[in-house]
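Subject: Structure handover

Hello,

Here is the structure I promised to pass on. Please open it alongside this note.

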Amino acid sequence: HVLGSLWFAAGDTEGGWVREENLHETSLAHQYIRSLEWSVSKLPPSALKSTVELNTAAERWLGIFGTCMALLTGSLFISVLTNTMAEVARERTRTTKILQAVRRYCHTYSISYAYTRQMKRYVEREHRRNEIQCHMSLLQTLPEGMVRELFQEARSRTLHAHAFFKEIGLSDPGMELNLCSQAVNELYYLAGDVIFDTTSKAEGMYQIAAGQGIYFFWSQSEPLGTRRRKDSLDFIRFQGVFGGASARSQTAFPMVQTSVEARGYVAEAALWVKAWRHQGQLQALIESRALLVSTDLLFKVLQGYANCMANTVVYARCFVQELNKTARLCKQVTDLPLAPLQHNEGEKKRSRSGSITSILFPPKIVQPESR
């Protein structure tokens with residue numbers, strides 16, 4: 001568009017191509033289309049001979065400038081494309097060499113075919129995992145202040161799906177800047193990756209930033225809105241995930257699966273309960289990106305902000321109280337977000353907008369999706 005406009009302006013002089021073709025007597029649409037055709041036809045280097053034979057100096061210099069820019073742009077595009085293809089080829093060659101080394105080792109020591117296939121799948125998955133998180137190493141080349149602001153901009157959007165972190169983040173942006181850059185880590189998972197299980201050490205709260213997860217736990221009763229479907233594809237795909245976890249899977253308790261959508265969070269209790277142990281298993285259903293709010297790093301950040309620390313202590317106490325109520329009434333706790341309990345009339349009257357109870361249980365509550 002810009003080049004066509006420049007060609008029309010350069011040719012709209014005495015002896016110019018616009019006046020030679022009498023474009024002023026045609027419609028505006030025809031003038032625009034003809035200018036685009038003229039500008040594109042003068043871009044290739046093969047058109048330089050006809051360019052230098054134009055009548056006006058403005059047309060000649062504009063044609064030479066356009067041809068030089070076309071050559072420069074084409075060279076840059078080819079260079080970027082070549083480097084990208086070379087990088088892909090190097091990564092593929094590296095992965096192929098690792099797989100060949102694994103095959104030779106397994107063949108030398110007569111390793112079973114099943115275990116060989118397992119190692120091959122592991123190498124391929126790790127190669128794919130490195131591809132989707134390779135940008136993290138490039139971010140370290142940026143200035144520290146810019147990286148901190150970038151992390152805040154990217155991670156705070158997901159954290160704000162949790163009412164409490166949204167509240168303290170909006171009240172103190174400086175604290176949120178340090179929280180997102182120091183206490184929050186980005187984790188990348190492929191389909192089928194286990195994020196945590198009942199034997200894993202609880203490190204903090206997991207929040208799905210993109211993708212989808214599925215949470216398995218044993219239930220003494222059917223949760224509201226959740227059904228067991230042994231004939232579903234997801235159940236067939238993941239039915240063996242607890243094979244060697246514990247003897248609890250051999251009891252009569254049914255195993256329930258709950259979908260964790262993007263911006264959903266799991267294992268919040270690990271932030272507020274000392275020595276919390278995971279009560280189920282979270283697994284990536286598709287390629288996903290998750291945020292881990294580390295328990296230890298969270299309180300290290302909050303130590304420098306008295307008001308946020310005080311609010312966090314009050315929230316943690318309320319959370320533990322609600323968790324204990326859930327354990328007494330339901331005889332079971334999970335890593336899923338707490339569901340609102342029925343409060344008596346006196347508690348309802350004392351509850352008001354902006355209280356800790358309203359933060360624990362915001363008005364809009366999304367029920368777990370049945371699978």
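In what order do the strands of the open sheet run? The model is a predicted one, and in it the order is 1-8-3-6. That makes 4 strands, with antiparallel pairing. Strand 1 (184-189) and strand 6 (265-266) are the edges. Each has a single partner strand, so one side of each lacks a neighbour in the sheet. Strand 3 and strand 8 are joined by 6 bridges, again antiparallel. Across that pair, Ile208 faces Ala290 of strand 8.

Next, the nonpolar cores. The largest one holds 29 residues. Phe165, Leu179, Trp272, Val293 and Leu298 have the most contacts inside it. Several elements supply at least two residues each, among them helix 9 (163-171), helix 10 (173-183), strand 3 (204-210) and strand 8 (288-294). Helix 14 gives the largest share, 6 residues. A second core is separate and has 16 residues, including Ile195, Phe217, Ala284 and Ala290.

Beyond its neighbours within four places in sequence, Val293 is in contact with residues including Leu159, Phe165, Ala183, Met205, Leu271 and Leu298.

Helix 1 spans residues 2-11. Its buried residues are Gly4, Trp7, Phe8, Ala10 and Gly11. Seen down the helix axis, they fall within an arc of 165°, so they line one face of helix 1. Their cover includes helix 2 (17-20), helix 3 (28-41) and helix 5 (57-108).

Best wishes

Note on methods: Residues are numbered from 1 along each chain as its sequence is written. This is a predicted model: local features need pLDDT of at least 70, side-chain atom pairs count only at pLDDT 80 or more; totals for chains, interfaces and linings use all residues. Side-chain values use heavy atoms; hydrogens and water are left out. A nonpolar core is a set of buried Ala, Val, Leu, Ile, Met, Phe, Trp, Tyr and Cys residues joined through side-chain atoms within 4.5 Å. Buried means under 20% relative accessible area, exposed over 50%, partly exposed in between (1.4 Å probe, protein chains only). Contact means heavy atoms within 4.5 Å. Two strands pair if DSSP finds at least two bridges between them. The arc is that of the directions from the helix axis to the C-beta atoms.
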